[in-house]
Number of protein chains: 2
Amino acid sequence: MVWYDVISLSSLRSQRPGVTETVENTAVLLAKRPEGLPTPEDFSVVTRPLTSRDAGKIRCETIFLSLDPYMRSVIAGNHLGHGIAPGEVVPGEVIAKVTESEHPDWPLNTLVRCEGGWQQFSDQTPDSLARVPSQLSRPSLALSILGMPGLTAWAGMVDLAKVGPGDVVVIPAAVGGVGAMAAQLARRAGATTVAITSGAEKRRIATETLGYDHCIDRIEEDLGTALERIAPDGVSVYFDLVGDPTLTTVATHLAVGGRVVLCGLIQDYNGNHKTTGPHPGLWITKRATVSGLVVYDYEPQRQAFEAEFVPLAEAGELTANEEFHDGLDAAPAAFCRLMRGLNSGKVVVRLVD
Amino acid sequence: MVWYDVISLSSLRSQRPGVTETVENTAVLLAKRPEGLPTPEDFSVVTRPLTSRDAGKIRCETIFLSLDPYMRSVIAGNHLGHGIAPGEVVPGEVIAKVTESEHPDWPLNTLVRCEGGWQQFSDQTPDSLARVPSQLSRPSLALSILGMPGLTAWAGMVDLAKVGPGDVVVIPAAVGGVGAMAAQLARRAGATTVAITSGAEKRRIATETLGYDHCIDRIEEDLGTALERIAPDGVSVYFDLVGDPTLTTVATHLAVGGRVVLCGLIQDYNGNHKTTGPHPGLWITKRATVSGLVVYDYEPQRQAFEAEFVPLAEAGELTANEEFHDGLDAAPAAFCRLMRGLNSGKVVVRLVD
């Protein structure tokens with residue numbers, strides 16, 4: 001069940017009364033730590049009585065749940081020192097609506113972004129909530145090109161790689177949340193963009209929907225050969241979201257002075273910790289600048305990011321590419337698709353009818 | 001035969017007549033490509049008749065020959081796309097004296113720096129010569145802290161790592177040509193310097209002669225444990241001259257936001273191409289900036305570098321640490337010492353009596 005459509009903000013706002021009458025909370029728990037690629041059996045969907053709300057907490061009802069590759073390392077127990085154990089609710093960023101609140105800053109029906117997790121309701125402290133930009137007519141964008149993936153793309157492309165005219169920018173996971181925004185930022189800066197993806201549908205999305213200048217099918221083509229053809233003078237910017245073997249192949253085709261942003265390691269998230277990086281001699285020969293990116297460091301820039309790009313999105317100058325799945329029951333399978341690279345866009349689970 | 005002394009410039013200038021009367025040229029040839037660590041048997045010293053000088057060429061007599069680790073990859077045939085074959089004169093940078101010349105810019109007895117190779121005489125085109133700074137009372141410094149190793153140190157420490165107050169800078173091969181200058185640049189910038197070296201004599205040179213704040217003996221101590229003790233808040237700058245396993249160990253102890261300059265791979269030069277770099281996930285977690293450095297890119301900055309640091313050296317504000325070997329016959333063994341990390345300073349072969 002996949003849609004490329006989105007419900008309107010007005011329908012969200014009119015749907016429910018100010019106080020939750022529901023007494024149950026559906027949640028997805030980690031059943032066991034996945035070995036290698038996760039399967040739906042690694043998760044369990046449970047419906048439990050809603051616990052009572054602590055004083056000062058704000059009850060939020062999830063509307064959109066974001067699924068992201070970093071979650072694979074969270075459920076492995078090793079995401080930047082954090083992780084969860086079997087039996088716990090799987091964490092995740094959500095767009096939610098305030099359903100119970102006494103806090104003057106967070107009145108009922110406010111749309112918020114928070115770490116609600118894979119569940120219907122979560123109780124939040126005021127300081128754990130962020131407002132969804134009020135002018136945003138598609139609130140799910142606050143989880144994709146205008147949210148964490150978009151901020152990641154901005155941090156990598158603009159802050160670290162300083163992409164500019166003449167750059168040849170290669171982006172793997174090209175039609176995912178980060179890739180979609182990274183490509184658009186690079187093109188807006190005057191660069192040539194090269195997608196790495198797989199399958200006819202995703203190739204079409206890359207070139208037709210997202211406007212990549214070139215697209216390499218990593219299954220049907222040899223990546224090195226394709227890069228030689230498309231970028232005979234070398235790749236000047238590589239936004240790594242996947243790790244090896246793609247990383248080393250692109251590094252081999254890097255232009256002298258090329259910039260590489262290291263941001264994701266999907267191979268490793270799936271537990272293949274035997275991957276290594278390119279030989280340091282390659283970075284020396286290429287006079288490369290390699291930067292590690294963790295998007296959490298960019299929270300202070302989020303407001304400026306939203307101020308710049310929300311209006312552009314509203315003006316139709318940015319394209320989002322979201323893959324919607326309906327209902328929490330669909331979340332485990334959608335996540336497993338994502339970790340197999342089968343998603344055709346930023347993966348969002350939609351919880352409202 | 002090791003000296004920590006140097007002949008004076010005036011003795012050099014008075015030694016020989018303006019025109020070479022010698023008819024023979026002693027040279028060190030590559031006998032065979034070394035397997036792994038080089039041995040003296042990989043080289044052969046020959047004395048052959050001097051060939052006639054082509055019109056327009058300038059004959060130069062070598063005074064000092066610089067021995068550097070990069071030569072290991074030159075004789076392996078794979079230094080940045082260059083290399084030599086057995087039977088050829090081993091290349092190397094030298095300080096030489098013009099002994100035959102009709103060129104007005106390069107009169108007899110001019111001290112020059114050029115790619116003279118491991119031989120007594122070489123004939124050079126005018127544009128392949130660089131003048132040794134005339135105010136330099138120790139011309140060998142133009143091969144060490146004020147030459148290519150010094151420029152390498154400047155490029156890594158100042159241009160790439162932008163070392164500054166509060167930085168904790170770790171330097172392996174700490175008492176070599178690059179390390180000696182890198183440490184002094186870092187200390188002048190207000191950083192704390194940590195040497196990695198081995199043996200009592202080199203530890204003494206590191207702390208007493210070169211002024212490192214801390215010194216780790218890589219044989220007698222566990223590097224990781226020592227870094228935890230010396231740099232509990234992490235290493236902010238690492239100037240890599242050696243590759244793995246040191247690179248990965250220091251990377252593991254990098255501070256968040258640390259900078260790593262990749263510049264040398266002594267393990268690889270010795271033919272151990274199985275080394276790899278740190279896992280990319282480590283660079284991500286540390287938000288590292290990793291830069292590849294090739295000193296040849298910095299030739300345009302050499303004049304400014306000399307203008308800044310030659311006066312400081314003459315004023316006694318910079319310490320050089322040269323290990324002299326006498327005569328071309330000594331070059332193969334001296335190079336083999338260097339490639340085993342047994343040198344106690346920048347290795348220079350002295351050809352004049």
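Strand 9 of chain B, helix 5 (residues 200–209) of chain B and strand 10 of chain B form a right-handed β-α-β unit. Helices (H or I, at least four residues) and strands (E, at least two) are DSSP runs, numbered from the N terminus. As for handedness, a crossover is right-handed if, with the strands pointing away from the viewer, the path from the first strand over the helix to the second runs clockwise.

The model is a predicted one, where local features need pLDDT of at least 70 and side-chain atom pairs count only at pLDDT 80 or more, while totals for chains, interfaces and linings use all residues. Residues are numbered from 1 along each chain as its sequence is written, and chains are lettered from A and ligands numbered from 1 in the order in which they are written.

Back to the strands. Strand 9 (residues 192–197) of chain B is mostly tucked away, with five of its six residues buried (20 or more other C-beta atoms, placed from the backbone, within 10 Å of a residue's own). Strand 9 of chain B runs parallel to strand 10 (residues 214–217) of chain B, and four bridges join them; two strands pair if DSSP finds at least two bridges between them. Here B:Thr197 sits opposite B:Asp217 in strand 10 of chain B. Strand 8 (residues 168–171) of chain B also pairs with strand 9 of chain B in the parallel sense, over four bridges, and B:Val170 faces B:Val194 in strand 9 of chain B. To get from strand 8 of chain B to strand 9 of chain B, the chain passes through helix 4 (residues 177–188) of chain B, in a right-handed β-α-β crossover.

Zooming out to domains, whose bounds come from an automatic or database domain assignment, chain A has domain 1 (9–143 + 321–350) and domain 2 (148–296). The C-alpha centres of these two domains of chain A are 29 Å apart. Their contact (C-beta atoms, placed from the backbone, within 7 Å) takes 16 residues from domain 1 of chain A and 18 residues from domain 2 of chain A. On the domain 1 side, helix 2 (residues 71–76) of chain A gives the largest share, three residues.

Finally, the two chains. A rotation of 180° with 0.0 Å of shift along its axis puts chain A onto chain B (RMSD 0.0 Å), by least squares on the C-alpha atoms of residues with pLDDT of at least 70 in both. That is how a two-fold axis relates two copies. Both copies use the same surface, as 100% of the contact residues of chain A recur in chain B.

Key:
Two residues are in contact if their C-beta atoms, placed from the backbone, lie within 7 Å. A residue is buried if 20 or more other C-beta atoms lie within 10 Å of its own, exposed if 12 or fewer, and partly exposed in between; C-beta atoms are placed from the backbone.
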